[in-house]
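Welcome, and please load the model in your viewer. We will go from stop to stop, and at each one you will hear what to select next and what is there.

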Amino acid sequence: MLRSFSLLILCILGITQLLFAQNAKTAGIHTETVKFKGLDRKYMYYIPQGYDEKVKLPVVFFLHGMGASAQIGVNVLGPQFHARAERDKAIVVYPDATAKHWNDKLGGSYPLTDSVDDVGYITSLIDLFIKDFKGDPSRIYVSGSSNGGMMTYRLSVDIPEKIAAIAPFVSSISNQVAEQFPKAKPIPIIITSGAADTVIKWSGGPFRSTPTARFLSGDENVAYWVKRNGISKKAKITTLPDVEPGDKSTVEIQEYKGKNDVVLYKIINGYHQHPTLREPGKPLVSGKNMDYNSFERVWDFMIRYKK
C-alpha cells in the first residue's frame, strides 16, 4: 500500500513538472525566479508563437536601468521587441538586478551591489536558455539602458565569447573597463546616446550622483570601439529626416564599417531618453527624440550578426 502511494506521488510530481516545463515554453510572457549564489534572482522572458524546441532561436537580453525592473523593461520595450521576436522567431529575456542596480564595474557607483556577481548570474541565464530552450549560442545579443547599458559594456569584456552583438542605450563605457580591456574581443555595437544627457554626459567624466565613478565621453567611447574592433575606415555620417520638428532634436548617425561594425546614433539635444516615434494624440516629451524608433533599429542591427 505504501509503495503504491509513493508511486502515485512520483507520478503526480512527474506530471506537474512536465506541465510546468510545457507552460514555461508556451508563447507569451513568463516570470521565473532562480537561486544564484544565495540570492533569489527574478527574470522574465518572451516566447514567440510557433516555438519549436528542435529549432535553435536567437536570444536577446535587455538589462533595465537603475531604479527600474524587468517588468518595466517588458512594459517599455515589449511592443517593439516582441513584434520583432515574432518576425525573426527569437526569445527575449529581461533579467532583474538586485536592489534595482547592476554591478556595472563603474567603480563605487552603488556599494549595495559592488559585490554582487551579476556577470555570473547573466552568464547562467545565457547557459540556461541555450540548454533548456535551445537558444542558438552563436546568436546571443545584449542591450541595456543607462546602468543596464553600463552592465552591457561590462559583459562585453567579461564574457565576449558568449555575445554576438550589443546595443547600449544612454550610457558609456567606464574608464576602469576601457583601461583594463583595451584589446578585448571585438563585438559589433550600436550606441544610442543623447548629446544633452545630464545623467551620462556626452562630455564624460564623473557620474552625476557618484563623483568617484568616471566614464568616457561620447567621442572617446566611439574611438575605443573603433580601435577595439579594428576598423580603419572613416565614418559614414548621415542625418535622419527631422520628422518631428517639435521635439527640438535631430539624429546624427556615424557608421564605421568593418567585420565588427560600430554604429553611433547621436541624439543632438537629446536627454537621458530612448528615441521613439510619437504616437497619435500623444504629447511631446522634453528631451526625447521622436524621429525614429530606437528599439527597432537596435534589434535590426543586432539580429543580423552571428559569432
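## Salt bridges first

Counting each side-chain nitrogen of Lys or Arg within 4 Å of a carboxyl oxygen of Asp or Glu as a salt bridge, the total comes to 16 salt bridges. Before selecting any of them, note that this is a predicted model, in which local features need pLDDT of at least 70, side-chain atom pairs count only at pLDDT 80 or more, and totals for chains, interfaces and linings use all residues. Residues are numbered from 1 along each chain as its sequence is written, and side-chain values use heavy atoms, with hydrogens and water left out.

Start with R87 and D300, a salt-bridged pair whose closest N and O atoms are 2.8 Å apart. R87 sits in helix α2 (residues 70–88) and D300 in helix α7 (residues 294–303), so this pair ties together parts that are 213 residues apart in sequence. Helices here are DSSP runs of H or I with at least four residues, strands are runs of E with at least two, and both are numbered from the N terminus.

Now colour by accessibility, where buried means under 20% relative accessible area, exposed over 50%, and partly exposed in between (1.4 Å probe, protein chains only). R87 is partly exposed at 46% relative accessibility, and D300 is partly exposed at 28%.

Next, select R139 and D136, another salt bridge, with 2.8 Å between the closest N and O atoms. R139 counts as partly exposed at 21%, while D136 is buried at 10%.

Then go to K257 and D261, whose side chains form a salt bridge of 3.0 Å, N to O. K257 is partly exposed, with a relative accessibility of 40%, whereas D261 is buried at 5%.

## Zoom out

Show the whole chain as a cartoon. There are seven helices and twelve strands in the protein. Of its 307 residues, 54% are buried.

Among contacts with a separation of 6 or more, 66% are between residues 24 or more positions apart.

## Two packed helices

At what angle do helix α3 and helix α4 pack? Select residues 118–132 for α3 and 147–158 for α4: the angle is about 75°, and the axes are 11 Å apart. That makes α3 roughly perpendicular to α4. The axes are lines fitted to C-alpha atoms, for helices over the stretch in contact, and angles run from 0 to 180 degrees between N-to-C directions. Angles under 35 degrees count as roughly parallel, over 145 as roughly antiparallel, 65 to 115 as roughly perpendicular, and the rest as oblique.

Show side chains at the contact: D118, V119 and I122 from α3 meet M151, R154, L155 and D158 from α4. These residues divide into four nonpolar, no polar and three charged.

Stay in α3 and pick I126. I126 is buried, at 1% relative accessibility. Beyond its neighbours within four places in sequence, I126 is in contact with F61, I140, I159 and K162. K162 is 36 residues away along the chain, yet its C-alpha atom is 8.1 Å from that of I126.

## Helix α6 and its surroundings

Select residues 218–228, helix α6, where the buried residues are G218, N221, V222, Y224, W225, V226 and R228. They pack against α4, β6 (165–169), α5 (175–180), β7 (189–194), β11 (250–256) and β12 (262–268). After α6 comes G230, with a positive phi near 65°.

## Two positive phi values

Most residues other than glycine have a negative phi. Now select A99, in the loop between β4 (91–95) and α3: A99 is not a glycine, but its phi is positive, about 55°. A99 is partly exposed at 44%.

The last stop is N269, in the loop between β12 and α7. N269 also has a positive phi, about 70°, without being a glycine, and N269 is partly exposed at 38%.

Note on methods:
Contact means heavy atoms within 4.5 Å. Ala, Val, Leu, Ile, Met, Phe, Trp, Tyr, Cys and Pro count as nonpolar, Asp, Glu, Lys and Arg as charged, and the others, Gly among them, as polar.
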